[in-house]
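Here's a quick briefing to read alongside the model. Have the sequence and the 3D view open as you go.

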Amino acid sequence: MLESEMMDSKIILLDSNELVAVSSLGKPFGLHGGVRTFLITDFPEIFVKDSSFYICLSDIAINKSINDIFKPTVSNLHKTKHSNNIGNPIHNIAKSPNTKLSNISCIVLTLCRYDVKKQALFFNEVTSKEQAELLRNSTLYSTIESTRQFCKLSEFEFFYFDVIGMQVVEDDKILGVVSDIQDIANTYYFILDKNFLIPYIDRYVLSIDKDKGQIITRDAKFLRT
């Protein structure tokens with residue numbers, strides 16, 4: 001592989017419970033390493049200059065060997081502290097891809113700039129069209145920590161990763177635990193199991209208590225099929 005196709009980036013091992021999908025990457029943009037982005041997140045403010053983002057190594061290494069993609073002298077392996085988050089928060093902030101992973105190897109990319117008008121991302125480590133091509137069709141992740149830092153919610157808004165794992169309680173009885181959230185016909189549904197979906201509307205959801213990890217409902221028990 002040509003030197004121009006090799007990325008000067010380190011590899012780290014991350015707990016998937018710490019990751020939040022924010023973008024799907026498309027074709028290269030320009031000649032200097034730009035890549036088209038299709039936002040998954042509702043919060044483009046997550047794209048802060050000099051912040052770190054992550055791509056699963058398996059996304060870009062399907063047809064390339066590790067030594068082909070990375071300069072061996074700068075490939076380092078680090079392990080992050082294990083997270084005790086409930087549930088599986090590899091979900092973007094708005095729409096949740098059905099992705100379940102364990103500890104995974106990721107490359108680290110540092111954001112240089114985000115061109116909102118062109119919908120293109122530029123990273124310090126990606127400096128050529130050939131390098132950008134390696135990222136095509138991969139998913140770009142941030143972390144829960146960065147999400148909380150840069151993405152501010154209003155009083156009655158919640159992140160997916162805060163709601164997944166919550167108990168659904170009705171008349172002091174636990175109906176189940178939220179395993180996923182889906183957007184169906186412009187309405188969010190809390191998925192307890194394949195036969196139990198609760199729409200997030202006032203008719204059924206009275207309150208969400210993040211501190212207690214509970215969703216209080218009424219008449220939701222009749223929705224189980």
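In what order do the 4 strands of the open sheet sit? They run β9-β8-β14-β13, with mixed pairing. Keep in mind that this is a predicted model, where local features need pLDDT of at least 70, side-chain atom pairs count only at pLDDT 80 or more, and totals for chains, interfaces and linings use all residues. Numbering starts from 1 along each chain as its sequence is written, and side-chain values use heavy atoms, with hydrogens and water left out.

**The sheet**
- β9 (173–177) and β13 (205–209) are at the edges with a single partner strand each, so one side of each has no neighbour in the sheet.
- From one strand to the next, the twist averages 25°.
- β8 (residues 167–170) and β14 (residues 214–217) pair in the parallel sense over 3 bridges; strands count as paired if DSSP finds at least two bridges between them.
- Gln167 stands opposite Gln214 in β14.
- Strands here are DSSP runs (E, at least two residues), helices likewise (H or I, at least four), numbered from the N terminus.

**The cores**
- The largest nonpolar core has 26 residues, and Phe47, Leu121, Phe123 and Leu140 touch the most other members.
- A nonpolar core is a set of buried Ala, Val, Leu, Ile, Met, Phe, Trp, Tyr and Cys residues joined through side-chain atoms within 4.5 Å, buried being under 20% relative accessible area (1.4 Å probe, protein chains only).
- Elements supplying at least two residues each include β2 (19–29) and α1 (57–60), while β5 gives the most, with 4.
- A second, separate core of 17 residues includes Ile164 and Phe196.

Methods
Buried < 20%, exposed > 50% of the residue type's maximum accessible area, 1.4 Å probe, protein only. Axes fitted to C-alpha atoms, helices over the stretch in contact; angles between N-to-C directions.
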